[in-house]
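Trainee: I am new to this structure and would like a close look at a single part of it. Could you walk me through it?

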Amino acid sequence: MFYSIKKFFYLIIGTFGFRSKLNLIPTNDLFGNKKQWSSVGSDPYFIVEGTVISGWNELFWESVSEENIPLKIYWDNGDGFSEDRSAVIGEISEGKNKKKLLIYIADDTKKIRIDPGEKEVNFTFGNLKIRKVSRLSVFISAIKKYSSQRGLSVRQSGDILRKAIKIYRIRGMKALWVIAKQNIGQYSSSVDDYKVWIENNALNDKDVLVIKERIKSLSYKPLISVIVPVYNVDEIWLRKCVDSVIDQYYPNWELCISDDASTKTYIKRVLEEYVELDPRIKVIFRNENGHISKSSNSALEIAEGEYIALLDHDDELALNALYENVLLLNSFPEADIIYSDEDKLSVKGDRFDPFFKPDWSPDLLLSQMYTCHLSLYRKSLVDQVGGFRVGYEGSQDFDLMLRISELTSNIYHIPKILYHWRAIQSSTASSGSSKDYTHMAGLKAVQDAIERRGYDAEVESIDDHSNVYLTRFKPTGNPKVSIIIPSKNNFEIVKNCIDSIFNKTKYSNFEIIIIDNGSNDPAVHELYRYWTDLEKERFKMFVLDIPFNYSSLNNFGVSKADGDLLLLLNNDVEIITEEWLDEMVGQAIRPQIGAVGACLYYPDNTLQHGGVILGIGGVAGHSHKYFPSEHTGYFRRLKIVSNYTAVTAACLMIKKDIFLAVGGLEEDLQVAFNDVDFCLKVWSAGYRNLWLPHVKLYHYESKSRGHEDTPEKQERFLKEINFMKKKWSHLLENDPAYSPHLTRIKEDFSIGEPVVRNR
């Protein structure tokens, strides 16, 4: 009660602008007095003393430095400081500065520490103050940030506010709050994180010299035709777009511009000026407006390059964009499609919202045009499919990618930011409503792809989310599913699991196989007898009384299974989605698909499993762990079917013949990582593993087995870690379904430590 009153009091005084002073106590690798500090090691940090109230706060400080120093904050909840409870909150910027930022303090915070970088440096940092702010302030800040990045007018900002009110009415305050936190970077890479990343990855003068020398030595220097359809774009953005091509380090390009009968008189003047400036620039002026597909095809008609690159009339290429593509082609001349990472440009020229992409993920592409920019295509394939199709305007690139990717498997990803979207209101970089024409054109493109490929599937929109789609594959042939559940005692848990399967599952052709690991609870045996009598054909129980070995128990269960499909299932789960087996069967029967995983929640409706990411914590971790159920995830990954290298065996479906072909679960991995190892064997055999967001279960994790809380368990766990690192080090260090630029410490898709650059 006292704490709540105190929190309210600080909120009131914070509303009037009052700030409380915080003291910085140098604790490690730091020397100094009050404001002037010297970092003398790789792990400098301050302990923060003063009154800090949980929730949203505004943090202020003053600083002076000769270089940029990232600031990282840690929250101690009583268990000590850890990377799981940390975030980069900003930086001590070069020069003399005063800064403020919004920061969220967790309710269970006992102590706070701040780390200024990881190297020896002298700096001034002090006058640290904090002010409690309301949620309303956070909402307003989120709207201001969104509007300033996109150069929105007061009226357009009002439109955003009206959309927020609509979301509140339909989905409630909690959903609106999650969206607001996303927009200020609470669950994703913050603006300051990305500024630090840009500084660490920026090309310097030496890098540019190396690039130019390397270009001279390249044996293969194909002509690249950059295709730009133009229509009534503001002159400032058109010039920046064209200049970004002219300034490319790689010189063997041509810029093919198609003006779609623009009514702005300056368009023709500007384009003719550029034609005179550089002979590599070609322009065709269309006599009538035909929209973007026809205009892009007109640009294709004058293109003579072996490859084409697609550029929107208000966007910019990174200066090394074409060079990086040609560099890859010199190593992989068979490449037919190349795509890279991208970010957004505000109207002021600030870069934000980086999209660090996975390697080629065909199922993710059916859900979202994730490859997008920059994409390079072999022109002969573009010609083969007939270029851009009329009727798909707004998603014409998506339609093109779907069609060309059906002709080739030579698709490569460059994990570098090579494209900058201009985030202005007229651009698709500023998202529209879920019913806008770009969304509907994308839906049509996916429907066509399904029909062309002969899939027994349907695609649908995802409520309140534009330009992402859910493709439901039907359980054709009604194959039998063997649900294998290892279990021991825990009557209430296993009863809840079995009850939920029989009571909530629409798909009927399944059997449950309980592998009892030596239960001595009479109630459990009575439960088994009950279900054996009630479901003689669909319930079986076998005893394997051995020291707990998850792999051995499941492998034994598979030997008793009659189904063509296997479902490995923990005994501490509860079904939420009635169509869960229909959806998993529909995906698992596809010839190219290996392991299929589900969306698992903790009982408090935060995420437990959203796919497995390799390298997290050394071996693997769960994507988006602890995110609220309403959250959309990193670029909406929590709403769409996605390719992951691995999924958890707490709920994993796979064909029985694939399970047997890869040798089942590794029995040397008794408890941990056996599912990751299994999925990597499946992936290495050429199958794609999937995670399904719409198949939902509760997972009461660790209720059955407990934690690694004894020396014996800890020794076994360390042995299993070493097993994985020895066997799969090449994948653990570079998960193809993730990005090398994202964190390997946390599970939130935030930006990670700088990687070694490979020019």
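Mentor: Let us begin with a side chain: that of Asn490 reaches the backbone oxygen of Lys488 at 3.2 Å. This is a polar contact, a pair of N or O atoms within 3.5 Å; within protein, one must be able to donate a hydrogen and the other to accept it, and residues adjacent in sequence count only if both atoms are side-chain atoms. Before going on, please note that the model is predicted, that local features need pLDDT of at least 70 and side-chain atom pairs pLDDT 80 or more, while totals for chains, interfaces and linings use all residues. Residues are numbered from 1 along each chain as its sequence is written, and side-chain values use heavy atoms, leaving out hydrogens and water.

Where does Asn490 sit? Its place is in the loop between β23 (481-487) and α14 (491-504). Helices (H or I, at least four residues) and strands (E, at least two) are DSSP runs, numbered from the N terminus. With a relative accessible area of 26%, Asn490 is partly exposed; that term covers the range between buried, under 20%, and exposed, over 50%, using a 1.4 Å probe and protein chains only.

For contrast, turn to Ser551 in helix α16 (residues 550-559). Ser551 is buried, with a relative accessible area of 0%. A polar atom of the Ser551 side chain lies 2.9 Å from the backbone oxygen of Glu666.
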